[in-house]
Amino acid sequence: MRRFVRTGLLLTAMSLVAVVAAFAAPGKSTQGDTLVFAASSDPTLLDPALVSDGESLRVTDQIFESLVGYRPGTTRLQPELATRWRPSRGGLVWTFTLRRGVRFHDGTPFNAAAVCFNFERWYGFPGPLQNSSVSYYWNTVFGGFKRPARGNPGPGKSLYRGCRVVNDTTVQLQLRRRSMSFLNAIALPNFSIASPTALRTYRADEGRVDAQGVFTPTGTFATRNPVGTGPFRFSSWTPGSRLELVRWDGYWGAKARLQRLIFRPIANNAARLQALQTGEIQGYDLVEPADFATVRRNSNMRLLKRAPFSVGYVGISQAVEPMDNPLVRQAVAHGLDKRGVISFYGGQGAVASQFNPPALPGYARTGVPSYPYNPARARALLQRAGLTLPVKITFWYPTDVSRPYMPDPKRNAEAFGASLER
């Protein structure tokens, strides 16, 4: 197996697991105005429009806000920077009433012009930022760019048509076609509204993208100067060591109880637990199921659980032989012992049948095709595809990180690798 961080393209198998976090009990923190939280890795960048990983979005969600958001713990919409919204009769124009008196952390007023500046920025991304590995959510939700780079869709293919300032507190977003998912989509933190002043001053769109689709900014907006309207503002970031946010006392809503929020990257699950036990941190998530009992036995720690809301999957690239043959992809699906890895989740996991977890709208209770583990069926499919056994493939998995759907990627990969070998 080759170690490389990458996501796949097609669904073959999934595991579903509850999200679990461990915290020091109230009153046990060494500094009452500060929370030190252990992340499994550093953020990629601090520009929510240019990231898709949870570790980055966990931080940016404290700094930035979108027009609408989600009620905590649910998928129900609630007001954020917009207080009201309504569609036109044909659903092509959405009018948003904005909060009054809101300012960005740098003092720039939040208004309709700021909203349009952000949407036009995303729509007008320069060629390097149009890469789907960089602006994944714009590409997925809206698609199309004002000045498309070669091979990218142009304005006619975009869901976004334009943005109109009605007045300081009223803005209209114009669509090219009706969309049932538009409103829920812009509630994602990736469509948070940033300070136009900061975006310009710190050259947010300047940088280069390498062959793997990784954006390296030459400006400093995404590394040292992210500016939003959220309850915390950026203070400092030393990659590999700590990222510090401080309370924004000019916040329009209820002020944060904490003065400081510090994120420490600790990749190893056991090391995160040890840091919690010694008081170096006050919380972390992605708790290893094997550690549940240890946390519960300690009166100074609490284990918090919520309903499953994450899905892990094995992806297949159809561009690589022999995966361009659907028989081979079916063989892989039948060759993965999905139930065999459930034991890694300490009773919290289940075999999933689709990308959506049960809590999301659109989850299908019935009628979803399944590919049960069947090595004999897998071998027969490979032979039907005209291949000689064994067939060599490269299996990639994430390293030096853990995820809610994969707390121990190496063990998962080894188990899946063993079943594929069978």
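The following questions and answers examine a predicted model of a single chain and the reasons behind its structural descriptions.

Q: Why is the link of cysteine 116 and cysteine 163 called a disulfide?
A: The sulfur atoms of cysteine 116 and cysteine 163 are 2.0 Å apart, and a pair of cysteine sulfur atoms within 2.5 Å counts as a disulfide. The pair therefore meets the criterion. A search of the whole structure finds one disulfide.

Q: What parts of the chain does the pair of cysteine 116 and cysteine 163 link?
A: The pair links distant parts of the chain, 47 residues apart. Cysteine 116 lies in helix H2 (residues 112-123), and cysteine 163 in strand E9 (residues 160-167). The link is left-handed, with -80 degrees about the S-S bond.

Q: Why are cysteine 116 and cysteine 163 called buried or exposed?
A: Buried means under 20% relative accessible area. Cysteine 116 has 7% and is therefore buried. Cysteine 163 has 19%, so this residue is buried as well.

Q: How many of the residues of the chain count as buried, and how much of the accessible surface belongs to carbon and sulfur atoms?
A: Of the 422 residues, 46% count as buried. The accessible surface comes to about 20,800 Å², and 49% of this area belongs to carbon and sulfur atoms. Among contacts between residues at least 6 apart in sequence, 63% join residues at least 24 apart.

Q: Which residues touch the most other members of the largest nonpolar core?
A: The largest nonpolar core has 64 residues, of which Leu67, Phe96, Phe119, Phe142 and Ile186 touch the most other members. Helix H2 gives the most to this core, with seven residues. A second, separate core of 18 residues includes Leu327, Phe344, Tyr397 and Ala413. In soluble globular proteins, nonpolar side chains tend to be buried together.

Q: With which residues is phenylalanine 142 in contact, leaving aside its neighbours within four places in sequence?
A: The contacts of phenylalanine 142 include Phe119, Tyr137, Leu159, Tyr160, Leu175, Phe182, Ile186 and Phe191. Lys157, Ser158 and Arg177 are also in contact with phenylalanine 142.

Q: Why is helix H1 described as largely enclosed by the rest of the structure?
A: Seven of the 10 residues of helix H1 (residues 54-63) are buried, so this helix is largely enclosed. The buried residues are Glu55, Ser56, Leu57, Arg58, Val59, Thr60 and Ile63. They pack against strands E4 (34-39), E13 (232-238), E14 (242-247), E15 (260-265) and E16 (283-285).

Q: Why is the pairing of glutamate 120 with lysine 146 called a salt bridge?
A: The closest N and O atoms of glutamate 120 and lysine 146 are 2.8 Å apart, and the criterion requires a side-chain nitrogen of Lys or Arg within 4 Å of a carboxyl oxygen of Asp or Glu. The pair therefore qualifies as a salt bridge. Glutamate 120 is in helix H2, and lysine 146 is in the loop between helix H3 (136-141) and E9, 26 residues apart. By this rule the count comes to 11 salt bridges.

Q: How do you know that glutamate 120 and lysine 146 are partly exposed?
A: Partly exposed lies between the buried limit of 20% and the exposed limit of 50%. Glutamate 120 has a relative accessible area of 27%, and lysine 146 has 33%, so both count as partly exposed.

Q: What separates glutamate 414 and lysine 410 in helix H10?
A: These two residues are four residues apart in helix H10 (residues 409-421), and are therefore separated by about one helical turn. An α-helix has 3.6 residues a turn, so residues three or four places apart point the same way. The side chains of glutamate 414 and lysine 410 meet in a salt bridge (2.5 Å, N to O). Glutamate 414, at 40%, is partly exposed, and so is lysine 410, at 37%.

Q: Which residues are linked in a network of salt bridges?
A: Asp47, Arg121 and Asp205 are linked in such a network.

Definitions and conventions
Residues numbered from 1 in each chain as written. Predicted model: local features only at pLDDT ≥ 70, side-chain atom pairs only at ≥ 80, totals over all residues. Heavy atoms only, no water. Buried < 20%, exposed > 50% of the residue type's maximum accessible area, 1.4 Å probe, protein only. Core = buried A, V, L, I, M, F, W, Y, C linked by side-chain atoms within 4.5 Å. Contact = heavy atoms within 4.5 Å. Areas by Shrake-Rupley, 256 points an atom, 1.4 Å probe, with all protein chains shown as cover.
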